[in-house]
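Reader: Walk me through some features of this model. Keep it brisk.

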Amino acid sequence: MTGPEDAMWRHRRGLLPDGDRLVTALQELADRSRAHVFRAVASIDPATGEAAAPRDLEVVDGSIVGWSPTPPVDGRDAPCDWYVVPGFVEAHAHVSSVSDLVGLLVHGVTAYRQMWGEPAHLYSAGVHRARNAVLPRPWVTAGVVDGPASRIPHAATVVDGVRAVRQVVEDVLAFGFDGIKVYDDIERPVFDSLAREAERAGVPVVGHVPESVPIDVTYRTMRSTEHLYGIVPNVFRLPPSGRWDVLAEALGRGRLDRRGAGAGAAGCFVCPTLVAWRARSGERRFTRPSRTALQAATPSRRRSWQATARDALRLDPAEALRRSGLVDRLGGIARELAEEGARLLVGTDCGNPFVLAGPSYHKEVAELSRSGLDFATLLGAMTTNAYDVMGWQGEPGARNANLVFYRQHPDGKAANLARPDGLLVDGVFLDGDDLDRLWSLRLAVAGLDATAWARGDLDPPVTGDRLTKETARAG
């Protein structure tokens, strides 16, 4: 067995480095008051997408303490000043820098599931609890758990029996992680043992559906499944030349024909990450790689982003269209899952090439919207389902004031959620100007002008900024 010290801790990265301009800005915001009264606020119910009548919202010490009727104005009902929804949750993230944290915040994300956790994420969780910086709250898995045949033995905690399973569970509890993430090559008997031991200890198991385990079993034993694996194979394990043919074959046979993709998924949490599938396909209609997007990437990730851009530029347009159509069919699976009662989550796999923390969250919402999901289903996936999968809905802190503010009613359109007019983060209110300043600073840290990418736009403009093979190579 590879222990946590070998598998995770040597990958330590500081998310909140001393003296960083973004860190300083987030620390200064934490000094603001966490007590407010907001007048004429209409709360939008995630279950229906409908707005309640405007009421006054009172927040004390970062917690919502009451809603009261808004007094009439000149004998008439007061006009609505704000529309609010619960803070959004990025349900599948790989956050690796403070720029990622800021990108999430300015797009309305107040919490995220870190799906390959490190000590730096536990540290940021402590800073959030201590209110020493305004940050999205993390839910953090330990590093991935895999079997002896793992493709990534250098980075995984490899388990091969009951003793190793118990050590994993004990370490997760000892180090304060929130969950265990499993990978593709864990063997069936070991998976069954891990599921039992984790359940006994109250530790959720999430992640890839292992190849040795039927998806029906994982629906019963895993807290969430990711990327639609198990319904379709993890084709990214395969050589690049054959991946999309294997996906096409899987989409045309097996359980998709016999039982339907949603069979057995009712009540289960599923995170499709369609935007990551799309970005890895090489298509350029929705992914839209550009020099601005490449420059915005965390520096340690730019080499892989450059390689992805070069591959996309070399791809035959007809093949790109075919692959994009396969991702559309994955969207159809997500819709079928929702129709069968699965509880979808909005997650992006951000950190992967051209999946940027923040903007790509709303690109995933757009993917799910194009697949046919209605506004209420989307809003539930962005909020209620995500709080439930993390186990936060019923805890005392669930009343903490994390809300996204809009001046206009979203009018049932998910696209209208991408650019908040305000954000309440654990009781600290950031208005539109604050969010614009943070986004501009995030761009400046990456060497970009504030005009290079407007907050709320899913992609930067590509006119005059198109990548070529040469510019992708230069990065």
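This is a predicted model: local features need pLDDT of at least 70, side-chain atom pairs count only at pLDDT 80 or more; totals for chains, interfaces and linings use all residues.

Reader: At what angle do helix α8 and helix α13 pack?

Author: Two packed helices are described by the angle between their axes and the distance between the axes. Here, α8 (residues 243-251) and α13 (residues 317-339) pack at about 40°, with axes 11 Å apart. That makes α8 oblique to α13 (under 35 degrees is roughly parallel, over 145 roughly antiparallel, 65 to 115 roughly perpendicular, the rest oblique). The crossing of α8 past α13 is left-handed.

Reader: Which residues of α8 and α13 make the contact?

Author: Contact means heavy atoms within 4.5 Å. From α8 come Trp244, Asp245, Leu247, Ala248 and Leu251. The α13 side includes Arg322, Leu326, Leu330 and Ile333. By class, the contact of α8 with α13 has eight nonpolar, no polar and five charged residues.

Reader: How many residues of helix α3 are buried?

Author: Buried means under 20% relative accessible area, exposed over 50%, and partly exposed in between, with a 1.4 Å probe and protein chains only. In α3 (residues 98-106), nine of its nine residues are buried. They pack against α2 (21-29), β5 (88-93), β6 (109-114), β16 (422-425) and α17 (432-445). Just after α3, Gly108 has a positive phi of about 90°.

Reader: How many disulfides does the count come to?

Author: A disulfide is a covalent bond between the sulfur atoms of two cysteines. The rule here is a pair of cysteine sulfur atoms within 2.5 Å. The count comes to zero. For Cys268, the nearest cysteine sulfur is that of Cys271, 14 Å away. Cys268 is buried at 13% relative accessible area.

Reader: Where does Leu228 lie, and is Leu228 buried or exposed?

Author: Leu228 lies in the loop between β12 (224-226) and α8. Its phi is near 70°, a positive value in a residue other than glycine. Leu228 counts as buried, at 1% relative accessibility.

Reader: What is the phi of Arg288?

Author: Arg288 has a positive phi of about 50°, although it is not a glycine. Arg288 sits in the loop between α10 (274-281) and α11 (291-296). Arg288 is partly exposed, at 31% relative accessible area.

How values were computed: Residues are numbered from 1 along each chain as its sequence is written. Side-chain values use heavy atoms; hydrogens and water are left out. Axes are lines fitted to C-alpha atoms, for helices over the stretch in contact, and angles run from 0 to 180 degrees between N-to-C directions. Helices (H or I, at least four residues) and strands (E, at least two) are DSSP runs, numbered from the N terminus. A crossing is left-handed if the near helix is turned anticlockwise from the far one by less than a right angle, and right-handed if clockwise. Ala, Val, Leu, Ile, Met, Phe, Trp, Tyr, Cys and Pro count as nonpolar, Asp, Glu, Lys and Arg as charged, and the others, Gly among them, as polar.
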